[in-house]
Amino acid sequence: MNNLFVYCEIEDGIIADVSLELLTKGRSLANQLNCQLEAVVAGSKLDGVEKQAMPYGVDKLHVFNDDRLYPYTSLPHTSILVNLFKEEKPQICLMGATVIGRDLGPRVSSALTSGLTADCTSLEIGSHEDKKQGKTYENLLYQIRPAFGGNIVATIINPECRPQMATVREGVMKKEILDENYKGEVVKHDVNKYVSDTDFVMNIISRNIEKAKHNVKGSPIIIAGGYGVGSKENFKLLFDLAKVINGEVGGSRAAVDAGFCDHDRQIGQTGLTVRPKLYIACGISGQIQHIAGMQESSIIISVNSDLNAPINAIADYVITGEVEDVIPKMIKYYKKNSK
């Protein structure tokens with residue numbers, strides 16, 4: 001009762017990275033709240049799935065194993081969470097801001113009249129004083145995310161309704177195993193007690209998933225360009241550098257909107273969230289929307305003609321100059337020193 005729940009997405013028997021990241025964050029929050037961390041997995045062929053979840057500090061794993069639950073469809077998964085939450089009464093529920101999470105989260109929160117904050121970039125525990133009513137609320141979930149087009153960072157709370165629900169995009173939280181041998185309880189539920197036959201009205205006959213053409217998110221080195229790169233032709237310099245240093249190319253929203261690079265390379269609040277070992281920001285001003293997607297990079301190098309560009313404030317190294325002058329020199333000296 002009143003524990004913290006994480007809904008775990010599963011694909012081909014593997015728990016999604018975003019869910020494991022939320023288990024890591026959930027374990028930390030549960031420790032602060034002095035409550036248990038519980039997880040929900042719904043799908044088919046889930047034997048042994050606890051071996052994936054338990055190392056992240058899960059105290060109780062709720063398993064719903066039924067061939068009809070995979071691939072994901074809205075109605076049965078919604079019924080599972082709604083009916084389970086009516087029984088367990090969690091204080092917090094977290095899920096990924098994925099295609100599934102963005103479909104499932106609003107359905108569950110609407111059914112439970114609990115409210116939901118989407119696309120959070122940070123989650124914290126804190127208190128809130130309502131001076132009008134003379135109340136102080138303790139141990140609330142601070143649901144933090146950029147708002148008003150990214151011009152401010154909003155902290156959203158839900159003092160009264162439960163569960164407090166939030167979705168978080170992949171890559172925002174760190175994924176970290178707590179203990180390989182962590183022991184938690186596994187509860188295998190009878191799906192028919194939670195889901196009616198009418199919820200299975202939709203049957204997926206064929207399902208095709210197009211694989212990504214590149215792996216910007218997983219690359220340890222990213223060369224990202226902004227509107228300041230100037231043109232699509234200049235963007236080719238970033239690809240030349242990426243080829244030399246075995247990196248991937250990304251872009252800011254402004255660069256994508258200008259047609260300098262493809263949308264699936266966009267980094268920031270409305271794109272990918274990345275944590276590379278090296279992030280080279282070329283011609284990027286550093287608006288809060290972009291910084292939200294790359295601020296956890298280990299080393300940040302800014303290449304910018306504007307010495308006062310906001311991104312320079314978070315960069316470890318700043319190179320002042322035009323991208324078309326600096327990048328060819330970087331390629332030249334890297335080739336020279338790597339022989």
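Modeller: Let us begin with a term: contact means heavy atoms within 4.5 Å. This is a predicted model, and in it arginine 27, leaving aside its neighbours within four places in sequence, is in contact with Cys35, Leu37, Tyr56, Gly57, Asp59, Leu178 and Tyr182.

Biologist: Where is arginine 27 placed, and why is arginine 27 called buried?

Modeller: Arginine 27 lies in helix H1, which covers residues 17–33. Buried means under 20% relative accessible area, and arginine 27 has a relative accessible area of 8%, so it is called buried. As for its place relative to phenylalanine 5, which is 22 residues away along the chain, the two C-alpha atoms are separated by 9.9 Å.

Biologist: Serine 252 interests me as well; what makes serine 252 buried, and which residues is it in contact with?

Modeller: Serine 252 is found in the loop between E14 and helix H6 (253–257). The cut-off for buried is under 20%, and because the relative accessible area of serine 252 is 8%, the residue counts as buried. Its contacts, leaving aside neighbours within four places in sequence, are with Gly225, Gly226, Tyr227, Gln266, Ile267 and His290. Aspartate 197, by comparison, is 55 residues from serine 252 in sequence and 46 Å from it in space, C-alpha to C-alpha.

Biologist: How do you know that strand E13 is joined to E14, and which way do the residues of E14 point?

Modeller: Two strands pair if DSSP finds at least two bridges between them, and E13 (residues 221–225) is joined to E14 by 4 bridges, with the two strands running parallel. Within this pairing, isoleucine 223 has valine 249 in E14 as its bridge partner. In E14 (residues 248–251), Glu248 and Gly250 point one way while Val249 and Gly251 point the other way, and all are buried. In a regular strand the side chains alternate between the two faces of the sheet.

Biologist: Turning to the whole chain, why does its radius of gyration agree with that of a compact globule?

Modeller: For 339 residues, a compact globule would have a radius of gyration near 20 Å, and the chain has 22 Å, which agrees. The chain has 8 helices and 17 strands, and buried residues make up 51% of its 339 residues. Of the contacts between residues at least 6 apart in sequence, 63% join residues at least 24 apart.

Notes. Residues numbered from 1 in each chain as written. Predicted model: local features only at pLDDT ≥ 70, side-chain atom pairs only at ≥ 80, totals over all residues. Heavy atoms only, no water. Rg over C-alpha atoms; globule rule 2.2 N^0.38 Å. Buried < 20%, exposed > 50% of the residue type's maximum accessible area, 1.4 Å probe, protein only.
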